[in-house]
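Welcome to this short tour. Open your viewer, and we will go from one selection to the next.

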Amino acid sequence: MVLIGTWNPENLHRPGGPYGPPDRAAYEAKLDAIAAVVDRLGPDLLGVQEICDSGALADMVTRLGELLGSWQTALSSHPDSRGIRVSFLSRLPLTVAADTDDFPAPLRHVQEQDYGLAANRMGRGAPAA
């Protein structure tokens, strides 16, 4: 059985940035809290939202690795306007099949922005692994 999970660490950013925690202690506490929940859930594959920088993702993976072993990552190369991306973390072999911010063609007919114009792209990229 493979366990799949998702987690939104809300603006995972190292301290000092406009969206990150105010100091190193708050950052470490956030990483500890994330690691505790993920450790309790024990997923093999984890979808993660709101990754603000790759360094913070690496810090999170290191913290998780201390509890659950090694992880592979796939971080989308398509950030939103604030630089936030999504990622997969996997304890299983991970292959990225695609990374896009385009909506699939069948969905384009139903995608509409709040002000009535068609939305041709997602706000953040979507890696397919």
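Contact here means heavy atoms within 4.5 Å. This is a predicted model, in which local features need pLDDT of at least 70, side-chain atom pairs count only at pLDDT 80 or more, and totals for chains, interfaces and linings use all residues. Residues are numbered from 1 along each chain as its sequence is written, and side-chain values use heavy atoms, with hydrogens and water left out.

Start with the cartoon view. You will find two helices and six strands, in the order β-α-β-α-β-β-β-β along the sequence. Helices (H or I, at least four residues) and strands (E, at least two) are DSSP runs, numbered from the N terminus.

Next, select Leu 12. Leaving aside neighbours within four places in sequence, its contacts include Leu 31, Ile 34, Ile 51, Ala 56 and Met 60.

Finally, select Leu 92, in the loop between strand 4 (85-90) and strand 5 (98-102). Is Leu 92 buried or partly exposed? Leu 92 counts as partly exposed because its relative accessibility is 33%; buried means under 20% relative accessible area, exposed over 50%, and partly exposed in between (1.4 Å probe, protein chains only).
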